[in-house]
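Please have the viewer open as you read the points below.

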Amino acid sequence: MESTERQRTERTAFTGVITCGLGLLLIIVSVIFSNSLVQKADLFNSILEFISILLSWLTLRALREDNRAVFNYGLGKIENIASLFIGAFMLVSSLIMALLIGYRLLHLVRIHGFGVRLGIACTLIFGTINFILWVKSLRHKRAAPSPIVDAQCRLFAVKTVGNTCMFFTFVLSLSLNYHWTLYLDPLASCITLGFMGRSTWELIRHSIHDLLDRSLDEPLQALINKALIRHFNEYSALDSVRSRYSGQNIFIEIFLGFDPGRTLAEVQNTTDAIKRDLEAAIPHAEVLVIPRAQ
């Protein structure tokens, strides 16, 4: 990630820390003065989300100086570990919400009180802020994709959906006086739970794969094959190709055999050409071509 883009992403995360902290305080007050399940669930979620976005911001600060002298392959693994922890926090939050939904379906009550009116104001204000942060995170993700930016993007997306569901739940519950409105609270929680569950699964799945040094996806493997075919007549054997992810960085190692009669300069020209082609075709790639006498 370029330094300017990383600074923008860090500022977005810091804004999220401030808004999540303020939102958490207001939600505590709102829960005290209302009996809304979705607000109680959001209280637990907000605590975990505050920890998650704080972890995201601290990770981005740690990545500000990528010291290759100490970590030869960069600090990409820190991003994966942080993303995995954020996914774990979201998973715990999902389980808590599922239990609360089950309890509320067995004990339906009408939400009311000052806390609900405060909740309307909070969800409108913080929902708008979270939506803006979500859009900014999407821009950061398109400009410089990485595991921690993806985790940050999913966090703001979940918070935006949750705020939207709560806002309409509160407004309809105060405006209408029908029996079916009792189900709005758990229904809104179910929508938020579904969105959170999918985001959690994707986040944990990708984080674990990257930590286990998974190889490149098929489209990127095809680019490697095309580059090797382009220089097919310049080497005599293809021993192996190894690849792995480390945060947003991609490391590719290609082991080639060359005719012993070729000069070192000729071999170097071939390996440099393959390296240049692949690094131009694959963003954030670091390519190493290792020659040997065939």
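1. Helices here are DSSP runs of H or I with at least four residues, strands are runs of E with at least two, and both are numbered from the N terminus. The model is predicted, with pLDDT of at least 70 needed for local features and 80 or more for side-chain atom pairs, while totals for chains, interfaces and linings use all residues. Numbering starts from 1 along each chain as its sequence is written, and side-chain values use heavy atoms, leaving out hydrogens and water.

2. Which residues form the positive surface patch? They are Arg11, Lys136, Arg139 and Arg142. Patch residues have over 30% relative accessible area and no salt bridge, and like charges are joined within 9 Å. A salt bridge would need a side-chain nitrogen of Lys or Arg within 4 Å of a carboxyl oxygen of Asp or Glu. Lys and Arg count as positive, and their charges are placed at NZ and CZ, respectively.

3. Arg139 lies in helix 4. Arg139 has a relative accessible area of 53%, so this residue is exposed. For the terms used here, buried is under 20% relative accessible area, exposed is over 50%, and partly exposed is in between. Accessible areas come from the Shrake-Rupley method with a 1.4 Å probe.

4. Now for the overall layout: the protein has 8 helices and 3 strands. Read from the N terminus, the order is α-α-α-α-α-α-α-β-β-α-β. Of the 294 residues, 47% are buried.

5. The largest nonpolar core holds 19 residues, and those with the most contacts inside it are Ile224, Ile250, Ile252, Ile254, Leu256, Leu278 and Ile282. At least two core residues come from each of helix 7, strand 2 (249-258), helix 8 (264-281) and strand 3 (285-293). Strand 2 gives the most, with 5 residues. A core of this kind joins buried Ala, Val, Leu, Ile, Met, Phe, Trp, Tyr and Cys residues through side-chain atoms within 4.5 Å.

6. Lys226 sits in helix 7 (residues 218-230). Is Lys226 buried or exposed? It counts as exposed because its relative accessibility is 53%. Between the C-alpha atoms of Lys226 and Leu278 there are 9.3 Å, with 52 residues separating the pair in sequence.

7. Finally, look at Ile290 in strand 3. Its relative accessibility is 26%, so Ile290 counts as partly exposed. The C-alpha atoms of Ile290 and Thr271 are 7.8 Å apart, and the two residues are 19 apart along the chain.

Conventions: Buried means under 20% relative accessible area, exposed over 50%, partly exposed in between (1.4 Å probe, protein chains only). Patches are made of residues with over 30% relative accessible area and no salt bridge: like charges are joined within 9 Å, nonpolar side chains (Val, Leu, Ile, Met, Phe, Trp, Tyr) within 5 Å.
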